[in-house]
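Trainee: Please take me through one part of this model in detail, the packing of its helices. I would like the partners, the geometry and the residues that touch.

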Amino acid sequence: MNRKLIAGNWKMNGLRADLQTVGDVAAAVSGAAAAPETLLCVPATLLSQAALAAEGSALRIGGQTCHSQQKGAFTGDISAPMLKEAGAAYVIVGHSERRTFHGETDEIVAAQAQSAIGSGLVPIVCVGETPEERSSGQTLTVVAEQLKGSLAGLEPATAFVLAYEPLWAIGTGKVATTAQIAEVHDFVRQFLIGRFGEPGQSVRILYGGSLNPGNAVEILPVSNVDGGLIGGASLKAADFLAIYNTACALQG
Ligand code: PEP
């Protein structure tokens, strides 16, 4: 069984006052090998302060995207080395909101993942289908295509995390059923083993999409679910920690 990862994605939420949440989570999580790993992906403006607030604890801090280049004339963008220097250990790449609102393609996501790895960050590569793709029976085809493109060029031994996030479940309160989650996660696992061999077993596959303290108890034990990527419910320490505690109970 892989060590679970409970990861929060604050999206474009968080001002300095919200660093209290980082401190509260940091104070409550354990670094024991038997406990799940925890991560909060905060806005870039809060990264270094969040890293300070989490210092000395088991809580890791991450970014929400990075540019595919390490530096250059890309106004407004942030590179992987910048995130790393600010205190990030992880970075989300290919989140559906980046794919939809910023036109990030599988090719771009693959380049971002490579740049993250090259800078010592662990990328969390997101994939997932739209509601139309699900209702027309295209889910596995679409996910396979995204996996193929977004993981292009990755070596078997590199550390990365995969997140399955059906678009229709993100921020909607509509959660995938445990059968739907198991089907896709088992499929992703087989893809990873086919692509990377044995190391594909230890790539963690997170579920994301309206995960909350109420449904975590059903979702986290599902086959090949190695944790969660949590948006809304990561903004309050109590909610995030309730999901973490559910994962602790499963891990132990
Ligand atoms: C996300 O942003 O990755 C996400 C899953 O959001 P939410 O938990 O709010 O659906």
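Mentor: H1 and H2 are roughly parallel to each other, a label for angles under 35 degrees, with over 145 counted as roughly antiparallel, 65 to 115 as roughly perpendicular and the rest as oblique. Helix H2 covers residues 47-54, and the two helices pack at an angle of about 30° with their axes 8 Å apart. The axes are lines fitted to C-alpha atoms, for helices over the stretch in contact, and the angles run from 0 to 180 degrees between N-to-C directions. Helices here are DSSP runs of H or I with at least four residues, strands are runs of E with at least two, and both are numbered from the N terminus. Leu19, Val22, Gly23 and Ala26 of H1 make the contact with Gln49, Ala50, Ala53 and Ala54 of H2, where contact means heavy atoms within 4.5 Å. This contact has six nonpolar, two polar and no charged residues. In that scheme Ala, Val, Leu, Ile, Met, Phe, Trp, Tyr, Cys and Pro are nonpolar, Asp, Glu, Lys and Arg are charged, and the others, Gly among them, are polar.

The model is predicted, so local features need pLDDT of at least 70 and side-chain atom pairs count only at pLDDT 80 or more, while totals for chains, interfaces and linings use all residues. Residues are numbered from 1 along each chain as its sequence is written, and side-chain values use heavy atoms, with hydrogens and water left out.

H1 (residues 19-28) also packs on helix H10 (residues 237-251), where the axes come within 9 Å and cross at roughly 25°. H1 and H10 are therefore roughly parallel to each other, and H1 passes H10 in a right-handed crossing. On the H1 side the residues are Thr21, Asp24, Val25 and Ala28, and they meet Ala237, Phe240, Leu241 and Tyr244 in H10. By class, this contact has six nonpolar, one polar and one charged residues.

Another pair is helix H7 (residues 139-150) with helix H8 (residues 178-196), whose axes come within 11 Å and cross at roughly 35°. The crossing of H7 and H8 is right-handed. From H7, Thr139, Leu140, Val143, Ala144, Leu147 and Lys148 meet Glu183, Val184, Phe187, Val188 and Phe191 in H8. The residues of this contact divide into eight nonpolar, one polar and two charged.

Notes. A crossing is left-handed if the near helix is turned anticlockwise from the far one by less than a right angle, and right-handed if clockwise.
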